[in-house]
Amino acid sequence: MTRILYVDDEPTLLDLAKIFLEKEGTFSIDTLTSAPEALIWLKTERYDAIISDYQMPEMDGIMFLKYLKASGDTTPFIIFTGRGREEVVIEALNNGADFYIQKGGDVRSQFAELSNKVRYAVSRKHAEEALSESQKRTAQILEFLPDATFAVSAEGTVIAWNRAMEVMTGLGKEEILSKGNFEASLPFYRERRSLLLSLVLNPDDSMADKYPFIRKEGDRIISEIFHPGLHDGNGAYLWIAAAPLYDAQGKISGAIELIHDITERRGAENALIESRRQLDAMAANIPGVVVRFSAGTDGITGFDYISKRCREVLGLENDPAGFFDGLAEHIVPEDREQFFTSVQHAISKKGLWDVECRYIRPSGEKIWISGVSSPSMENDRLIFDGVISDITGRKCAEEELLMKNEKLNASYEQIAAVEEELRSNFNELAARETALRESEEKFRTLFESAGDAIFTMDHGIFLDCNRRSEQMFGCTRDRIIGKSPLTFSPERQPGGQLSAEMAQEHIDASYLGETRFFEWVHVRADGTPFTTEVSLNRLMVGSTHCLQAIVRDITERKCAEEELLMKNEKLNASHEQIAAVEEELRSNFNELAAQERARRESEAHLNCIIQGSPLPQFVIDNDHRLISWNRALEECSGIKEADVLGTRDQWKAFYDTKRPVLADLLVDGRIELLPEWYQDTVLKSRLVEGAYEGTGFFPGLGKAGKWLYFTTTPIRNADGKITGAVETLEDITWRKKTEDALLRANKKLAMLNNITRHDICNQLTALLSYIHISKKQVTDPGLQEYISKEEQIAHVIQGQIDFARTYQDIGGQAASWVGLSALIDSATGQLKPFPVEINIAGNGIEIFADPLIGKVFYNLIDNSLRHGGHVTRVDFSVQHTDRGLVLACSDNGTGIVAEDKENLFQKGFGKNTGLGLFLSREILSITGMTITETGEPGKGARFEMTVPKEMWRIAAGQ
């Protein structure tokens with residue numbers, strides 16, 4: 001209903017206008033006889049439009065109009081007067097009148113024109129308000145976009161510059177808005193030049209050459225480019241998207257450009273490429289094919305890595321897709337079952353994979369190969385890292401050894417013992433390899449507890465060493481670091497060559513990229529000589545090369561070897577295999593170092609994300625000490641990060657006295673204390689595992705307090721143990737105020753409707769009474785028929801009033817969380833005694849719905865009983881989908897015929913009142929839920945209600 005205030009000093013004209021304008025039923029007219037009286041009235045009343053006479057005592061219509069406009073009143077104003085002078089019309093329009101209508105002429109035409117002008121003025125006002133609100137919302141969205149965004153007009157003038165752009169460029173809005181001449185390019189290029197959005201306004205192929213690539217998606221243009229002017233002159237890699245802006249006529253009125261800083265992503269991509277390059281380089285020095293594959297209960301599920309030596313060793317391409325099938329195909333058929341069995345055994349036992357078998361290269365050459373790999377778990381995946389080696393030489397030596405040593409049975413036991421020791425050493429090395437892969441955090445433990453002495457050197461000077469080095473050389477670490485290997489070497493080696501010359505030869509070769517593996521006689525601090533095996537190779541530390549030496553004391557082994565050499569010198573093949581495993585251990589050491597650097601870079605990247613978040617956030621560790629307090633929270637709370645970092649004072653931002661915040665309770669695992677500190681305002685999050693969320697009012701924030709929505713997520717380590725928590729806050733004060741204002745307005749409107757409906761019902765009751773009396777008094781059949789129709793019409797009106805009362809209550813109260821089982825139990829309770837079986841699934845599920853949601857379930861069950869025919873069972877079930885939760889109510893009755901389904905939810909359609917399903921759909925739509933009927937005729941009805949993801953949850957404790 002459009003409310004109109006009509007001000008005129010002629011009461012008769014006021015009455016006449018009220019009759020004509022209210023006759024259509026779309027206007028509600030209030031009348032007053034003077035402008036001063038109207039001004040007082042307007043202090044408490046609001047109208048959709050004002051009609052005023054021009055010439056009135058005390059204050060004329062134009063003075064009345066000026067007073068309203070000066071006070072900020074924007075209500076549409078129409079001058080309706082008998083004065084038709086041109087200067088009066090011009091003055092009225094210049095002072096803000098929407099229309100000027102002259103009295104006189106045909107009364108019906110005159111008031112018809114007035115009615116049309118009022119409608120037009122009100123519609124235009126509503127459209128302007130909607131446009132203004134839409135523009136405000138658009139500006140707010142643009143302002144708080146997390147990516148830097150700006151826009152220009154068709155002439156190139158900057159018309160929008162959001163907060164993220166201010167942060168990225170250091171230029172505030174006041175410095176850039178309304179400026180043209182490519183002003184927006186200065187922060188990026190330090191010169192005036194075309195930007196990507198310039199291609200939207202003025203396509204120019206020559207300008208596209210300034211970008212490494214241009215990709216078009218519809219009317220959007222996308223590119224990436226390095227901007228040297230950002231990050232304090234260090235430059236930044238940016239992802240850019242530009243698109244046109246259109247006016248109401250669909251013409252391009254400007255362009256908008258969105259910028260996302262991808263510098264860190266580019267760095268991570270380059271680091272990944274470098275890591276892959278280093279892995280290939282290390283694998284190239286290993287005498288075999290380095291492989292990494294994942295496995296499941298059905299066998300190998302895929303290869304992540306195959307080194308390039310695959311073609312040299314096996315004659316196959318290092319293609320992960322076909323590698324395993326090609327490998328198995330070329331294994332000698334007699335050995336193939338043994339090969340598959342070894343793989344399945346290692347997977348099922350999650351243990352070492354160790355197999356030797358015969359292999360036929362694609363060239364036809366027959367060789368022996370061995371496969372050795374140890375498993376580890378990574379992100380719930382079983383991973384095998386290992387080496388496939390050509391052991392033909394060793395196998396041939398073994399066969400020759402068997403032929404020549406038949407007469408050495410007496411020494412066999414000793415050889416077997418040595419072989420067992422070698423195998424034991426091999427297993428020990430394999431175990432160390434597995435330990436190396438378990439975690440980058442264990443690197444230092446492995447380094448310090450290694451059974452061999454490990455050194456890092458720079459041009460012949462020790463930089464670092466492990467505890468085994470102290471034990472082996474008989475002195476403390478500080479007496480080793482900074483010294484040369486020659487300090488712990490005799491003047492000459494057993495062959496007579498000077499130690500200094502031999503050492504320099506090995507060092508120079510290693511710096512050139514050659515891996516050296518040799519024996520060396522060292523001297524302990526007390527002068528005792530001992531024999532060692534040294535593995536020397538080059539590795540990259542930062543941007544420089546250094547050397548890594550792995551030194552093993554083989555004094556005892558040398559004694560055993562000298563004894564064994566007398567019996568069989570060809571056991572040296574076993575030592576070559578051990579050397580290969582040691583080489584792999586050295587490679588894994590480098591990989592662990594690279595992973596440690598990547599982890600530190602990841603932590604730095606994560607901290608940048610937290611600090612750059614537009615939402616206030618803080619992070620605490622498992623000792624409740626603050627380890628992060630971002631800039632948004634500094635602005636929100638007024639507390640600087642430097643004042644609270646490392647303390648347990650997170651409560652100070654929100655409370656007057658010390659108490660735990662939600663993050664504290666989650667770190668301690670004290671979920672049972674939530675009701676004590678937060679009553680029922682905090683519940684388990686449906687979206688994040690282990691997280692909790694809630695709302696609350698915090699009077700200490702800002703000048704008048706703030707409403708916050710807060711979410712807390714526990715931080716867990718690789719073992720699942722809680723090591724801290726992150727809490728994110730969102731200011732929802734404006735939303736809460738809006739909700740409260742809307743609730744108050746709805747209450748007032750409901751009160752008005754109740755009063756009006758009450759009066760109408762009283763009159764309708766009286767009318768039905770008179771109709772009833774009339775039917776008894778009148779005997780004429782013709783009049784009886786008219787009276788019956790009048791009675792039917794009155795009952796229809798009565799039904800419409802009842803419907804209006806129910807419809808008014810929809811959305812009249814705030815929606816809330818309610819248990820699904822409780823809703824269904826309440827509905828069935830209203831229908832007792834309940835004549836059919838009912839089955840309910842979804843225990844513990846709560847939905848966010850209008851308080852009238854109970855009527856929906858009542859209507860669905862009532863429909864089954866009324867119209868389902870032979871219904872004996874009603875089932876309620878739930879199903880999780882990508883769209884949300886699908887809640888279904890189905891019965892085993894006759895179902896709904898296809899031709900009725902289209903109109904099923906229309907008002908008035910049905911066999912009873914025709915309102916039940918219509919109201920059910922309206923009640924569900926309040927919180928974004930929908931309802932459809934999907935049953936099959938003859939098999940029963942099935943109503944599916946789709947609940948959006950954010951509108952359902954699992955109740956706490958379920």
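Here is a short tour, starting with the whole chain and then stopping at a few places.

A word on ground rules: this is a predicted model, where local features need pLDDT of at least 70, side-chain atom pairs count only at pLDDT 80 or more, and totals for chains, interfaces and linings use all residues. Residues are numbered from 1 along each chain as its sequence is written, and side-chain values use heavy atoms, with hydrogens and water left out.

**Whole chain.** Colour by secondary structure and you have 31 helices and 35 strands; these are DSSP runs numbered from the N terminus (helices H or I, at least four residues; strands E, at least two). Of the 958 residues, 42% are buried, where buried is under 20% relative accessible area, exposed over 50% and partly exposed in between (1.4 Å probe, protein chains only). Take the contacts (heavy atoms within 4.5 Å) between residues at least 6 apart in sequence: 51% of them join residues at least 24 apart.

**Select 61-70 and 86-94.** These are helices H3 and H4, with axes 10 Å apart and an angle of about 10°. That makes H3 roughly parallel to H4. The cut-offs are under 35 degrees for roughly parallel, over 145 for roughly antiparallel, 65 to 115 for roughly perpendicular, and oblique for the rest. Axes are lines fitted to C-alpha atoms, for helices over the stretch in contact, and angles run from 0 to 180 degrees between N-to-C directions. Show side chains: Ile62, Leu65 and Lys66 of H3 meet Val88, Glu91 and Ala92 of H4.

**Select Val122.** Which helix holds Val122? Helix H5, residues 107-143. Val122 is buried, at 6% relative accessibility. Leaving aside residues up to four places away in sequence, Val122 touches Thr2, Asp48, Ala49 and Pro76. Asp48 is 74 residues away along the chain, yet the two C-alpha atoms are 6.3 Å apart.

**Select 820-830 and 853-867.** Here the axes of H28 and H29 come within 9 Å and cross at roughly 55°. H28 is therefore oblique to H29. On the H28 side, the residues in contact are Leu820, Leu823, Ile824, Ala827, Thr828 and Gln830, and they meet Ile853, Gly854, Phe857, Tyr858 and Ile861 of H29.

**Zoom in on Thr828.** Is Thr828 buried or exposed? Buried, with a relative accessible area of 10%. Draw a distance from its side chain to the backbone oxygen of Asp825: a polar atom of the Thr828 side chain sits 2.9 Å from that oxygen.

How values were computed:
A polar contact is a pair of N or O atoms within 3.5 Å; within protein, one must be able to donate a hydrogen and the other to accept it, and residues adjacent in sequence count only if both atoms are side-chain atoms.
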